[in-house]
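Thank you all for coming.

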Amino acid sequence: MFESQIAPTYHLEPSEEQESDFILNLGPQHPGTHGVLRVILHMDGEYILTADPVLGYGHRMQEKIAENMTWAQVLPYMARMDYLSALSYNQAWVCLVEKMCGYEVPPRAEYIRVLTTELNRISSHLLWFGAFLLDLGAFTPFLHAFEDREKLLDLLETITGSRLTYCFFRFGGVGADVDATFLRETQEFLDQMRAHLPGYHELVTGNVIFEHRTKNVGVILPFDTSGYGLSGPVLRGSGEAYDVRVKEPYSIYPELKFNVPVEQTGDCMGRYLVRLAEIDESLNMIDQILANIPDGDIQAKVPKIIKPPEGEASMAVETPRGELMIYAVSDGTKIPYRVKYRVPSFANLSIFSKMARGQLLADALAILGSLDLVIPEIDR
Amino acid sequence: MISEITLIRTLLSILGITVVVGVNAIFVVWFERKVAGHMQYRLGPTEVGPAGLLQTVADGLKLVSKQIIFPQSADKPIFILAPIICLVPVFIALVPVPFSATWQAHELDVGLLLVIALGLLNTLGILLAGWGCDNKYALLGASRAVAQILAYKIPLLLCILPIILLSGSFSLREIVLVQEQSTWFALYQPVGFLIYLIAITLETNRSPFDFAEAESELVAGFHTEYSGMMFSLFFLAEYTYMLVASAIAAILFLGGWLGPFLPGPVWMLLKIYFFLFLMMWFRWTFPRVRVDQMLSFGWKILLPISLLNFLITAGVMAAL
């Protein structure tokens, strides 16, 4: 019963070993799973014996769809996988095609890309912050985070035209230039966010109940991280300073000075602190971008119909949830031959079964929240 | 043989309590939403009635007009009985509560005992709700409610005992009158007062101790399967229970209706809503405690401290 099960099993009959065992069906509609994730919990009272995630409720065959679209038509689909970090997906797809075709991107476009992506990262982390506290039963931080996120969405709306599912980057550039108003408002947002961040720590981080709920809960040992392919804040919360922006730098990240926040504890608190520190790092990055953004074109000359030469390529970026890698094969036509997404949430979910075993139900939901899963990205 | 005056008095008392319960629920739900709103950069209800005061009435009408859904496998008698068992005791518990020296439905020598005993029935209602609807989340919620009851009830009673020693009475009216002679018992019993505050938050299933309905864990806990009017009965019971617990807190520790300038009932209501505001403040700022942490907190911290508090009070009183 305690062995790890590789495939999800549908043992809906309670085992005969103990009378008190029962199966609890968590999801696909449950306020704690943030989407259509279903977890079959085999429980003894409040304790979880095994937890089997069941995926696929939101499966849309994104990879197959990509095989029937032109390279440019795939771009809008990027926002529909991880809807909280659409711009990171944008980034991965345009960089991949640029890599295959050998397009040069003007520096101003690169700056705008990183500027908007980092703003997107902050908004994703803010939403996670609120949702995680909601998992722990606190309502107010959620709305405080949304107050700040609202400003961010307004800001991104002025330049990208949408509030959540951005389709803003173009092959060889970006869709729109930033103007002085946008830059000024971004600066105002930075000041506001810097002023509010200590408030978050005051309201939540120092709270004794929060500490009891997150410290030493859901510990991921550094030993486990590579075996499960973890990445992002989940990995960095366990003491591994791996960040694609540093290890395989792309765009203008080599020119920016930033730290990779790392916590050694590996528990929910560690992952929480890493994400809050990342908000701060993103703010610093935006500061540098605002100071150094060059003038010039925002779009390189690219052909109307994109036909990457025959061959294959892959591109990895750091989304707010971890390492996203897109692999594509081109047969020289205007339609991709094969596209494969390696998404961070899927790998991060894989360790959940192991972490939830033997935990209380309340802790399991805290752990699930701390992994920051976006279910459409897992199901895609 | 019931005299006419007693009969009229009884009917008026029933009417009075019903009005108090109804108006309190309408007001407290509105108040809670306003408090929550202002803590979250929002305004809360503003549209229905002046300052949104009638929002709760509109919500109540909506709930009444909704269909009541009975789960197929539910134990129907228990399912129907549960919300009633939750609500009726807290209704009756208002009988011995004095709102001033003269405003009291019925004076009882053992009013305090009655309120405590009726308070225990609330958990029975929750247990029946969890058991009757044949839903695992509801059952988990109910089992949590039952598991916590001893962890807070014993410290709660141990905080009330010193008050009984100090006042020498179980009558809620007497307890206030004794405080008129001396001073508020909160000054004699600061530790007991704090523990009582924590205990009533537990007793009324309020956040950070709302395990029985822990939304992010158990969907809606013991009332997951309830809809429409039956759900609103639980809601009404919770808010009335908060009123009763706050009223008892005001009587035991803050001198009930005593206070300068304003008339007694106004002071009483002010003190009650002070406690209600505290509970709302807790709810909208704290995360939820884990159920085992609460149990160990109750047994290992609240119980020894309240026991010590009781023994010291008894010792000092014996020495004097």
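Predicted model: local features only at pLDDT ≥ 70, side-chain atom pairs only at ≥ 80, totals over all residues.

Let us start with the contact between the chains, where 27 residues of chain A are in contact with 23 residues of chain B. On the chain A side, the elements that each supply at least two residues are strand S1 (21-26), helix H4 (107-135), helix H5 (140-160), helix H7 (208-214) and helix H14 (361-370). If we sort the residues on that side of chain A by class, we find 15 nonpolar, 7 polar and 5 charged.

Two of those helices, H4 and H5 of chain A, also pack against each other, with their axes 9 Å apart and an angle of about 155° between them. How do H4(A) and H5(A) run, roughly parallel or roughly antiparallel? An angle over 145 degrees counts as roughly antiparallel, and H4(A) and H5(A) are therefore roughly antiparallel to each other. Their crossing is left-handed. On the H4(A) side the residues that meet H5(A) include Leu119(A), Leu126(A), Phe129(A) and Leu133(A), and on the H5(A) side those that meet H4(A) include Phe142(A), Phe146(A), Leu152(A) and Ile159(A). By class, the residues of this contact divide into 17 nonpolar, 5 polar and 2 charged.

Next comes a sheet in chain A. Here we have an open sheet of 3 strands in the order S6-S7-S8, with antiparallel pairing. The edge strands, each pairing on one side only, are strand S6 (311-319) and strand S8 (338-342) of chain A. From one strand to the next, the twist averages 15°.

Going through the pairs, we see that S6(A) is joined by 9 bridges to strand S7 (residues 322-330) of chain A, and that Gly311(A) has Ser330(A) in S7(A) as its bridge partner. S7(A) and S8(A), for their part, pair in the antiparallel sense over 5 bridges, and along this pair Ala328(A) stands opposite Val339(A) in S8(A).

Which residues of S8(A) are on its covered face, and which are on the uncovered one? Val339(A) and Tyr341(A) make up the covered face, whereas Arg338(A), Lys340(A) and Arg342(A) make up the uncovered one.

Is Ile298(A) buried or exposed? A residue counts as buried if 20 or more other C-beta atoms lie within 10 Å of its own, and Ile298(A), with 21 of them within that distance, is therefore buried. Leaving aside residues up to four places away in sequence, Ile298(A) touches several others, among them Pro106(A), Ile112(A), Val174(A) and Asp177(A). Ile298(A) and Val178(A), although 120 residues apart in sequence, are 9.5 Å apart in space, C-alpha to C-alpha.

Now to chain B, where the axes of H1(B) and H2(B) come within 8 Å and cross at roughly 110°. H1(B) and H2(B) are therefore roughly perpendicular to each other, and their crossing is right-handed. The contact is made by Ile26(B), Val29(B) and Trp30(B) of H1(B) together with Gln55(B), Thr56(B) and Val57(B) of H2(B). In terms of class, this contact of H1(B) with H2(B) has 4 nonpolar, 2 polar and no charged residues.

In the loop between helix H1 (4-39) and helix H2 (55-65) of chain B we find Tyr41(B), which has a positive phi of about 55° although it is not a glycine. With 13 C-beta neighbours inside 10 Å, Tyr41(B) counts as partly exposed.

Finally, Phe261(B) has a positive phi of about 65°, and it too is not a glycine. Phe261(B) lies in the loop between helix H10 (228-253) and helix H11 (264-285) of chain B. Because it has 6 C-beta neighbours inside 10 Å, Phe261(B) counts as exposed.

Methods:
Residues numbered from 1 in each chain as written. Chains lettered and ligands numbered in written order. Contact = placed C-beta atoms within 7 Å. Helix = DSSP H or I, 4+ residues; strand = E, 2+ residues; numbered from the N terminus. Nonpolar A, V, L, I, M, F, W, Y, C, P; charged D, E, K, R; others polar. Buried ≥ 20, exposed ≤ 12 C-beta atoms within 10 Å, placed from the backbone. Axes fitted to C-alpha atoms, helices over the stretch in contact; angles between N-to-C directions. Parallel < 35°, antiparallel > 145°, perpendicular 65-115°, else oblique. Left-handed = near helix turned anticlockwise from the far one by under 90°. Pairing = 2+ DSSP bridges.
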